Amino acid sequence: MYLGLKPAVAVVTSAEWDHPDFFPTDADLLASFRKFIGNIQPDGTLIINTDDWRTQALVSTRPTGTLVTYGYNKRADAFIHNLEVRKDKRLHFDVYVKTPLPVLKAHFALQLMGRHNAANALAAALAADAPLRCVDAEREARVTARIDRAKADGDTRGGSFGVIV
């Protein structure tokens, strides 16, 4: 099913060999992930957790587009640090992004416990940010100019949740 997808943004959180009935060997599992990664749109983004040896093995699979690594490993592009449960009974952690030196980018406070939930929250934030990183300045200027013209002309189509189109 997932091998039929052609995503613009894909997140690989882990590559556990948990379906030996479908993937008889570890190599079969990794081959399936490589096919999926090959289906990502050429200008798309692969976001991959490098805390697992299998996902680390997949990093070199991405031939084009953007590759963003994340996890607890300080060599990742975005990594989790200072993970702790505080008095408010939330899981707190900081996210650092390498630019080229690690820079504090965000602080998270989750109601969900567990290292895997912190990693998944970071992956979701990176995935939400991925389309924004794909917009070049020239394209952004053209879109902004169209929006400004539509506002000036009063050419609105409708709106929802505070967004006017």
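Buried means under 20% relative accessible area, exposed over 50% and partly exposed in between, with a 1.4 Å probe and protein chains only. The model is predicted: local features need pLDDT of at least 70 and side-chain atom pairs count only at pLDDT 80 or more, while totals for chains, interfaces and linings use all residues. Residues are numbered from 1 along each chain as its sequence is written, and side-chain values use heavy atoms, with hydrogens and water left out.

**Figure 1. Overview of the protein chain.** The protein chain holds four helices and eight strands, where helices (H or I, at least four residues) and strands (E, at least two) are DSSP runs numbered from the N terminus. Their order from the N terminus is β-α-β-α-β-β-β-β-α-α-β-β. Of the 165 residues, 32% are buried. The accessible surface is about 10,700 Å², and carbon and sulfur atoms account for 58% of that surface; areas come from the Shrake-Rupley method with a 1.4 Å probe, and for residues only the protein chains shown count as cover. Among contacts (heavy atoms within 4.5 Å) with a separation of 6 or more, 40% are between residues 24 or more positions apart.

**Figure 2. Salt bridges.** A salt bridge places a side-chain nitrogen of Lys or Arg within 4 Å of a carboxyl oxygen of Asp or Glu, and the count is two. One of them joins the side chains of Arg54 and Asp26, at 2.7 Å from N to O. Because Arg54 belongs to helix 2 (residues 53–58) and Asp26 to helix 1 (residues 26–38), this pair ties together parts that are 28 residues apart in sequence. Arg54 is buried, at 12% relative accessibility. Arg86 and Glu84 also meet through their side chains, at 2.8 Å from N to O. Arg86 is partly exposed at 37% relative accessibility, and Glu84 is partly exposed with a relative accessible area of 37%.

**Figure 3. Surroundings of Asp51.** Asp51 sits in the loop between strand 2 (45–49) and helix 2 and is partly exposed, with a relative accessible area of 37%. Leaving aside residues up to four places away in sequence, Asp51 touches Gly71, Tyr72 and Asn73. The Asp51 side chain reaches the backbone nitrogen of Asn73 at 3.3 Å. Between Asp51 and Ser14 the C-alpha to C-alpha distance is 8.5 Å, with 37 residues separating them in sequence.

**Figure 4. Nonpolar cores.** A nonpolar core is a set of buried Ala, Val, Leu, Ile, Met, Phe, Trp, Tyr and Cys residues joined through side-chain atoms within 4.5 Å. The largest has 17 residues, and Tyr70, Ile80, Phe93, Leu122 and Leu126 have the most contacts inside it. At least two residues each come from strand 3 (66–71), strand 4 (78–85), strand 5 (91–98), strand 6 (102–110) and helix 3 (115–133). Helix 3 gives the most, with six residues. A second, separate core has 13 residues, including Phe23, Phe33, Ile37 and Leu46.

**Figure 5. Strand 2 and its pairing.** Five of the five residues of strand 2 are buried, so strand 2 is largely enclosed by the rest of the structure. Thr45, Ile47 and Asn49 point one way, while Leu46 and Ile48 point the other way. In a regular strand, side chains alternate between the two faces of the sheet. Strand 1 (residues 9–12) runs parallel to strand 2, and four bridges join them; two strands pair if DSSP finds at least two bridges between them. Val11 has Ile47 as its bridge partner in strand 2.

How values were computed. Polar contact = N/O pair within 3.5 Å; in protein donor to acceptor, adjacent residues only side chain to side chain.
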